[in-house]
Amino acid sequence: MNRSIARRLASMFALVALFVFTLVGSGLFLVLRTQLEHHLRESLDDRAQIARMIVYHAVTPEKWRMAREKLTDMTPQDGSTVYSVSSTDPYFHYSKPVEGSVVKRWPGGYARVTPPGGGQDMLTATVTMPAYAGRPEVQLQVAASYSPNVGTMRVFGLALAALSALGSFAVLLLSYSVTRLGLAPLTRLTKDASAVSPNNRSQRLNTASLPFELNDLANSFNGALERLDGAYGRLESFNADVAHELRTPVTILIGQTEVALTRNRSVDDLRHTLQSNLEEFERMRAIINDMLFLARADQGERATGLVELSLAAEVAHTLEFLEILLEEARVHAQLRGDAVARVNRSLFGRACANLLMNAIQHCAPGAVITVTITRDEDQLRVAVANPGEPIEPAVLEHLFDRFYRAEVSRTNSRENHGLGLAIVKAIAEMHRGTVSAESTNGINTFAFSIAASRVDSGMPVAHSSAGVTADSGGYSSLAKGKSA
């Protein structure tokens, strides 16, 4: 169930308002109760002062009788005020003092008393009056009922609670309306986002009129659209390139087969046709295998089966494997540097072979291909450099893309289906590395890196391998192709 942001914010504002109203109301309630108690004590003081003057001058039986009459006249019939006088002389006695459990006491003889059996609490003030003339020492108690205060507080509390509830409800309604107005930019943003479609991939969210709270979200969404647009474009290009690459061998296979079926052929002719078809099938299989390998790499597959080995030894082994190609192209190869790392031997050899074959294809006869192994912080770099025509920077950025070919940098498309350098990039990423391409001063350098292992010291290691010799300067050359 989807929840409305406007309703959620309005509810939160209403809860906050209710909390504030409750806090303020509680404060007002306490202040009012304190003030009412203060006024009740002041009123009790005034009554006690009058009663004290009456009792003080009642020094004779006649005057005491008159004092009792006055106290009776001052006592209301509802019992909200009670006067009592106690003494050791039974004659100087008036009414019964208020007794019960004391709830609270204040300085000056004040006390809040709860009568036994229930009833309203009474605020009492007790004054001891010393003997005077013919009157003995007496204790004067004046008590006032809390009933008016309690009634006032009850009405005030109910009114406060009702007003707080009504205020919170009003805040809820107003907050919902205000929140909907405040979320209007988000509504526009949603409308703009819903307009993006595969047929309108170039559309982006308008961030000019958005508040800064939504600006980051819109920019992130636009960035995601840019990445998706690029990925979609690469996918379209990839599909077109795959269709083109597979269409060529399929067309050749169909044409050769149709020609072979037009008339009777000798066994040698059929064998030649089958051999040609087999070459095309091999080419198709290579394309499909490379595509499956790149698909697994795109899914984040990491290199497994890592073994600790000398990178120079592996490069030397690859040079030995490509010895015939080097001789046919009449180019030389030399190896510089070494390092020890944990790699997948097969994948590492494949990446080296792809870079070397790329260099061989673009070298002039008599050129020297240099393979350099270096360490760069936590990365081990394998670079293959060869003399060649300068490559434009715009082309360098795409040389590791799939099926990418440039007129200057890529030739022999019949033998090379354009996935070699893309596979190098995938292998580097599977070893947590990167790729790079440079073209400076007539030297084109293609390189890939892998994560350095902890055991690697970064120092050159002198060694010899099949078909490769090492000198004291850290250089190695193909034995048969070493230049003078």
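## Basis of the model

The structure is predicted, and local features need pLDDT of at least 70, side-chain atom pairs count only at pLDDT 80 or more, while totals for chains, interfaces and linings use all residues. Residues are numbered from 1 along each chain as its sequence is written, and side-chain values use heavy atoms, with hydrogens and water left out.

## Overall composition

The protein has 11 helices and 14 strands. Helices (H or I, at least four residues) and strands (E, at least two) are DSSP runs, numbered from the N terminus. Of the 484 residues, 35% are buried; buried means under 20% relative accessible area, exposed over 50%, and partly exposed in between (1.4 Å probe, protein chains only).

The accessible surface comes to about 28,500 Å², and carbon and sulfur atoms hold 58% of that surface. Areas come from the Shrake-Rupley method with a 1.4 Å probe, and for residues only the protein chains shown count as cover. Among contacts (heavy atoms within 4.5 Å) with a separation of 6 or more, 66% join residues 24 or more positions apart.

Two strands count as paired if DSSP finds at least two bridges between them. Axes here are lines fitted to C-alpha atoms, for helices over the stretch in contact, and angles run from 0 to 180 degrees between N-to-C directions.

The pairings can be taken in turn. S1 and S5 run antiparallel and are joined by 7 bridges, with Ser-86 opposite Gln-139 in S5. S4 and S5 also pair in the antiparallel sense, over 8 bridges, and Met-122 has Ser-145 in S5 as its bridge partner. Strand S3 (residues 110-114) and strand S4 (residues 122-129) are antiparallel and joined by 4 bridges; Arg-112 stands opposite Leu-123 in S4. S5 is mostly covered, with 7 of its 8 residues buried. In a regular strand the side chains alternate between the two faces of the sheet.

## Packing of H6 and H11

The axes of helix H6 (residues 267-298) and helix H11 (residues 420-430) come within 10 Å and cross at roughly 35 degrees. The crossing of H6 and H11 is left-handed, a term that applies if the near helix is turned anticlockwise from the far one by less than a right angle, with right-handed used if clockwise.

On the H6 side the contact involves Asp-290, Phe-293, Leu-294 and Ala-297; in H11 these meet Ala-422, Ile-423, Ala-426, Ile-427 and Met-430. By class, the contact of H6 with H11 has 8 nonpolar, no polar and 1 charged residues. Ala, Val, Leu, Ile, Met, Phe, Trp, Tyr, Cys and Pro count as nonpolar, Asp, Glu, Lys and Arg as charged, and the others, Gly among them, as polar.

Glu-429 is also in H11. Glu-429 is partly exposed, with a relative accessible area of 41%. Its C-alpha atom is separated by 9.1 Å from that of Glu-301, 128 residues apart along the chain.

Ser-164 is found in helix H3 (residues 147-182) and is buried, with a relative accessible area of 10%. Not counting residues up to four places away in sequence, Ser-164 touches Leu-18 and Phe-21.

Ala-385 lies in strand S10 (residues 379-387) and is buried at a relative accessible area of 17%. With residues up to four places away in sequence not counted, Ala-385 touches Val-368, Ile-369, Thr-370, Ile-443, Asn-444 and Thr-445. Ala-385 and Leu-356 are 29 residues apart in sequence and 9.0 Å apart in space, C-alpha to C-alpha.
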